[in-house]
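Hello,

Here is the structure I promised to pass on to you. Have a look at it first, and then read my notes on the charged side chains below.

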Amino acid sequence: MASRKLPATPLAIGLALILCGVASAEDLRVPGTHRTLDQALRAAESGDRILVRRGTHDVSRAIRTPNLTIVGKRARLRSSFDVVADGVTIEGFTLKRGDVRVFGDDVTIRNNKFRGGALLSYGNDAVIDGNRFKNTNAMAAVEAHGRRAAVSDNRFKDVGCGVLMTGDDGTISDNDFDDTDESAIVAEADDVTIDQNEIDDVDWMDAITVTGDGASVTGNDVDDAPGGINLTGDGFDVSDNDLDVGFANPDLDTGMANGCPAITIDTDHIGGIVADNDVTHTTGSGIVVDGDGTAIVDNTVTGHNGQVSIEVDGDLNTVSGNTVEHTGNGGQQDVWRDPAAPSPADGISIDGNANLVDQNVITDTFGDGIDVEGSSNDVVGNTIDHAGDDAIDVQGGSNLIGQNVVTKPVDTGIDVDGNKNDIDENLVDRPGAEAFLIDGNKNDVDDNVADRPGTDGFIVGGKGNDMIGNTVDQAGGCGVLLTDPVDIDQCSVGDCDMGGLVNLESGTTLSESTITSNSPVDVVDLGGIGSLDGNVIGQISSDPQLAQGAYQQARDAFGAPDADPSNGGQDDGWWGWEDGGGWQEPGRGGNDRDGNGWFWLF
């Protein structure tokens with residue numbers, strides 16, 4: 001009986017081809033099926049695996065067979081070679097002094113040991129994983145020039161530069177770098193991810209240097225390097241890095257005495273984010289941003305003998321929620337300092353316009369707590385403790401300085417030089433000098449508290465300034481010292497050592513304010529007052545009747561116990577202008593509120 005033949009269907013043909021392909025993939029052994037590695041490479045076909053046993057082997061030819069896997073079993077290679085084909089995998093070798101140059105795509109270099117040699121990859125989608133590099137004399141132990149390279153889980157010891165990446169969309173992650181002569185990582189490409197690397201003992205330059213847009217530099221740990229992260233580009237994310245950088249014992253002969261900043265950003269108009277980094281800087285600055293539109297948030301910056309902790313030069317940046325501590329020498333006078341370095345060192349320094357500086361906590365700065373130069377900046381909600389100079393120093397116009405809490409600065413609490421600024425709802429506690437120093441025109445100074453300043457509560461100069469709702473308590477100098485006319489409303493000044501209100505320039509208005517219990521008098525030189533209304537004022541330095549015409553319709557109370565000049569101080573009580581008929585004294589125990597004047601008895 002004749003046999004029946006099955007039709008050659010497409011499915012049957014496909015299965016046959018697959019089975020033939022699987023069957024054709026072979027394991028070639030060196031030594032074994034082939035005496036040398038070169039012989040095995042000549043015989044290999046796509047999909048084959050070459051197993052190289054213990055011994056020292058040479059490669060004198062380029063690897064041109066695609067999808068080839070070459071596995072070393074305690075095998076050593078002592079010559080340089082090229083990988084031209086795609087899809088090649090090389091793993092398990094020790095390479096002595098030779099370089100591997102990769103030109104194919106989708107090449108994997110895994111679990112090899114490079115001793116003196118380097119890996120140069122020019123193809124796309126390279127995987128460089130689990131290798132060890134030591135004593136590499138090349139510019140970089142790994143060069144990844146193709147797109148989408150993945151360099152991960154490698155260890156670098158005593159090399160020049162660890163990884164140089166110039167291809168876009170690459171990843172450098174989970175690598176360990178120990179003792180690099182220059183930067184551990186250099187990326188000159190866009191959309192690069194540098195993540196979870198450990199870097200220790202960098203001799204020169206920054207640990208990580210990035211030039212390109214869209215970089216993500218996150219979760220890296222850098223210890224003992226001149227600088228940390230240096231990035232030039234836009235659209236970046238520099239977050240969750242732990243950086244302990246700067247020279248602890250600077251060498252004056254190196255020219256690098258100040259170290260580099262822990263984080264340096266040079267951006268344009270798009271900016272990026274610098275967040276949740278933990279920075280310890282010894283001689284360099286903490287975070288330096290040059291450009292616009294960057295958010296510097298929730299970082300911790302601790303320094304000892306450095307420069308500025310957070311320095312921003314640009315517009316529309318946000319500096320928020322950061323913790324800054326021990327900027328400058330942190331009170332350690334014996335710590336070395338470069339005599340050429342700028343001094344003192346500020347906690348946060350802003351040079352630009354429309355920046356937001358809020359909710360930062362700043363402690364023990366060598367210089368100013370916050371220094372701002374520019375216009376339309378908001379400095380709000382910050383806490384500053386023990387600034388070595390001024391707590392807040394602002395130069396420029398139309399800035400908002402509000403709701404800040406300042407404690408024990410060495411010099412001024414809040415120093416503002418400029419026009420049309422709003423200084424609102426700040427608390428300044430025990431500054432070494434004046435609590436508020438305002439120099440400029442048309443500033444609004446409202447609802448601030450000056451508590452126990454070393455000298456004056458407020459010094460205000462300039463035209464058209466308003467003071468509303470401010471409080472001064474126990475100033476070592478004057479409560480309020482004026483150098484130009486000011487509108488003062490609803491203010492309270494008490495227990496000041498050198499007068500409550502001093503130098504009332506002609507044109508000053510005073511309303512609804514309480515100025516009492518100051519020494520030696522409450523108001524000095526009331527004669528120049530423009531108008532009074534509804535105030536409670538204690539002792540004055542001159543007879544108020546000399547200026548009756550200026551405030552004869554006001555509703556004010558003057559004096560203190562035994563302070564009535566009309567009867568030689570025989571009666572206790574307040575006295576004031578009453579009913580437009582002249583100076584009147586209330587009787588003992590009397591109380592008169594009739595709309596034209598009021599009196600209270602002690």
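**Salt bridges and surface charge**

The side chains of aspartate 82 and arginine 101 come together in a salt bridge, with 2.6 Å from N to O. This pair connects distant parts of the chain, since aspartate 82 sits in strand β5 and arginine 101 in strand β7 (residues 100-102), 19 residues apart. Aspartate 82 counts as partly exposed, at 21% relative accessibility, and arginine 101 is partly exposed too, with a relative accessible area of 28%. Please keep in mind that this is a predicted model.

In total, the count comes to 12 salt bridges. As you will know, side chains of opposite charge can pair when their charged atoms come close.

Another of these pairs is aspartate 58 with arginine 78, where the closest N and O atoms are 2.9 Å apart. Aspartate 58 is partly exposed, with a relative accessible area of 37%.

Arginine 147 and aspartate 168 also form a salt bridge, their closest N and O atoms being 3.6 Å apart. Here the loop between β13 and β14 (150-152) holds arginine 147, and the loop between β16 (161-165) and β17 (171-173) holds aspartate 168, so the pair ties together parts that are 21 residues apart in sequence. Both partners count as partly exposed: arginine 147 at 36% relative accessibility and aspartate 168 at 24%.

Further along, there is a network of salt bridges that links Asp429, Arg430, Asp451 and Arg452.

Now to the charges on the surface. Which residues gather in a patch of negative charge there? They are Asp158, Asp176, Asp181, Glu182, Glu198, Asp200, Asp203, Asp223, Asp224, Asp242, Asp244 and Asp278. Two strands, β21 (198-202) and β27 (242-245), each supply at least two residues of this negative patch. Aspartate 158, one of its members, is found in strand β15 (residues 155-159) and is partly exposed, with a relative accessible area of 30%.

Is threonine 136 buried or exposed? Threonine 136 is buried, with a relative accessible area of 5%. This threonine 136 lies in the loop between β12 (132-134) and β13 (140-144), and a polar atom of its side chain is 3.2 Å from the backbone oxygen of glycine 117.

Best wishes

Notes
Residues are numbered from 1 along each chain as its sequence is written. This is a predicted model: local features need pLDDT of at least 70, side-chain atom pairs count only at pLDDT 80 or more; totals for chains, interfaces and linings use all residues. Side-chain values use heavy atoms; hydrogens and water are left out. Patches are made of residues with over 30% relative accessible area and no salt bridge: like charges are joined within 9 Å, nonpolar side chains (Val, Leu, Ile, Met, Phe, Trp, Tyr) within 5 Å. Accessible areas come from the Shrake-Rupley method with a 1.4 Å probe; for residues, only the protein chains shown count as cover. A salt bridge is a side-chain nitrogen of Lys or Arg within 4 Å of a carboxyl oxygen of Asp or Glu. Lys and Arg count as positive and Asp and Glu as negative; His and the chain ends are not counted. The place of a charge is taken as NZ of Lys, CZ of Arg, CG of Asp or CD of Glu. Helices (H or I, at least four residues) and strands (E, at least two) are DSSP runs, numbered from the N terminus. Buried means under 20% relative accessible area, exposed over 50%, partly exposed in between (1.4 Å probe, protein chains only). A polar contact is a pair of N or O atoms within 3.5 Å; within protein, one must be able to donate a hydrogen and the other to accept it, and residues adjacent in sequence count only if both atoms are side-chain atoms.
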